[in-house]
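Work through the exercises below with the sequence and the structure at hand. Each task is followed by a solution that goes step by step.

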Amino acid sequence: MQAIDPEAPGGPEVMRLVERPVPAPGEGEVLIRVAAAGVNRPEVMQRKGLYPPPPGAPSILGMEVSGTIAAVGEGVQPELIGQPVCALISGGAYAQYAVAPYGQCLHVPDALSMVEAAAMPETLFTVWTNLFERGYASEGDTVLVHGGTSGIGTMAIGLANLFGLIIIVTAGSDGKCAAAKALGADHAINYKTQDFVAEVKAITGGKGVAVVLDMVGGDYVPRNLQCLADDGRHVSIAVQGGLTATIPLFEIMRRRLTLTGSTLRPRDTAFKSLVADELARTVWPHVEEGSLKPVIDRTYPLAEAPAAHERMESGDHVGKIVLTME
């Protein structure tokens, strides 16, 4: 099969099509004939040599995939062959075939194209486990999500609209703020021209938000804490702006704030399968009826993976970038 499997870290140019053997599904796994693969920032970091894959994961890039089941491993019903699925995987999606634990697969309904299905797993698993499970966001809560036009941000907007949250997002231009509001954000703040702390306080009448979903880290963290209401939750999912932060401990104590966070990729199959099952019950019915779809920025054929990564790194995208196997 053809795949993107860089031999050494580097720029986008290291991603060239190479021949690799078709992987074989192990126990509890399925082999997917790939139709499309989502592009995510951790894959950019892996390509640069900054984010090695977890032990046992393939070196082929790509963490989310859609396609049809072509073969099954031991313990998986052979009647599933031919079924359309999308899946969150630890690696291997930038290829014509990929292996996925069946527990991490979701059925692709008629309401989704294969491109849309490939853009769902990584952002959906991430937003659900962090905003709703770790952040305990519930109906009526106001939440602040940074990177409002990213794949994570646009998925957060979609889920907030479904589950009754008031969502404030930040973005880096007036155009992106307008795009976020058009997608359903209640408020959008241009962090380059506005002080998001002051804006959040103004929007909430000084009360603050119940949850902050942060992918920046660094000096954003103490500013985020100023945006939280008493008993608020701060959830970190990335550290694009810095690995460390100075935080006011007494403020955390006095206002009963919670700081938490997670990384999804290293979690084991059992955990991800539990999340997939929960999503199948709580979110997927909305997907099946067409009321939740990912925002697609642009698609590229697999051979143009370098251009897809350049688009990701430029920061100009709104929503998800997807590779296709056509």
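**Exercise 1. Where is Ala-8 placed, and how far apart in space are Ala-8 and Gly-164?**

Begin with the secondary structure: Ala-8 sits in the loop that runs between strand 1 (2-4) and strand 2 (17-19), where strands are DSSP runs of E with at least two residues, helices are runs of H or I with at least four, and both are numbered from the N terminus. Next comes accessibility, for which Ala-8 has a relative area of 44% and is therefore partly exposed; buried means under 20% relative accessible area, exposed over 50%, and partly exposed in between, with a 1.4 Å probe and protein chains only. Finally, 156 residues separate Ala-8 from Gly-164 in sequence, and their C-alpha atoms are 46 Å apart in space.

Two remarks on the source apply throughout. This is a predicted model, in which local features need pLDDT of at least 70 and side-chain atom pairs count only at pLDDT 80 or more, while totals for chains, interfaces and linings use all residues. Residues are numbered from 1 along each chain as its sequence is written, and side-chain values use heavy atoms, with hydrogens and water left out.

**Exercise 2. Is Glu-79 buried or exposed, and is Thr-149 buried or exposed?**

Take Glu-79, which belongs to the loop between strand 4 (64-72) and strand 5 (84-88). Its relative accessible area is 58%, so Glu-79 is exposed. In sequence Glu-79 is 10 residues from Ile-69, and the C-alpha to C-alpha distance of this pair is 9.9 Å.

Turn now to Thr-149, located in the loop between strand 8 (142-145) and helix 4 (residues 151-162). Thr-149 counts as buried because its relative accessibility is 4%. To see what surrounds Thr-149, set aside its neighbours within four places in sequence; its contacts (heavy atoms within 4.5 Å) are then Thr-154, Lys-176, Ala-179, Ala-180, His-317, Val-318 and Gly-319.

**Exercise 3. Which residues of helix 6 are buried, and at what angle do helix 6 and helix 7 pack?**

First list the buried residues of helix 6 (196-203), which are Phe-196, Val-197 and Val-200. Seen down the axis, these residues fall within an arc of 105 degrees, so they line one face of helix 6; the arc is that of the directions from the helix axis to the C-beta atoms. Among the elements that cover them are strand 9 (166-171), strand 10 (187-190) and helix 7.

Then do likewise for helix 7 (residues 220-227), where Tyr-220, Val-221, Asn-224, Leu-225 and Cys-227 are buried. They span an arc of only 150 degrees around the axis, which puts them on the same side of helix 7.

Lastly, helix 6 and helix 7 pack at about 15 degrees with axes 9 Å apart, the axes being lines fitted to C-alpha atoms, for helices over the stretch in contact, and the angles running from 0 to 180 degrees between N-to-C directions. That angle makes helix 6 roughly parallel to helix 7; under 35 degrees counts as roughly parallel, over 145 as roughly antiparallel, 65 to 115 as roughly perpendicular and the rest as oblique. The contact joins Phe-196, Val-197, Val-200 and Lys-201 of helix 6 to Tyr-220, Arg-223, Asn-224, Gln-226 and Cys-227 of helix 7.

**Exercise 4. At roughly what angle do the axes of helix 3 and helix 9 cross, and which residues make the contact of helix 3 with helix 4?**

For the pair of helix 3 (residues 121-134) and helix 9 (residues 269-282), the axes come within 11 Å and cross at roughly 85 degrees. Helix 3 is therefore roughly perpendicular to helix 9. Residues of helix 3 that take part include Leu-124, Phe-125 and Trp-128, and those of helix 9 include Phe-271, Val-275 and Leu-279.

For helix 3 and helix 4, the packing angle is about 65 degrees and the axes are 9 Å apart. Their contact is formed by Thr-123, Leu-124, Thr-126, Val-127 and Phe-132 of helix 3 together with Gly-151, Ile-152, Met-155, Ala-156 and Leu-159 of helix 4.
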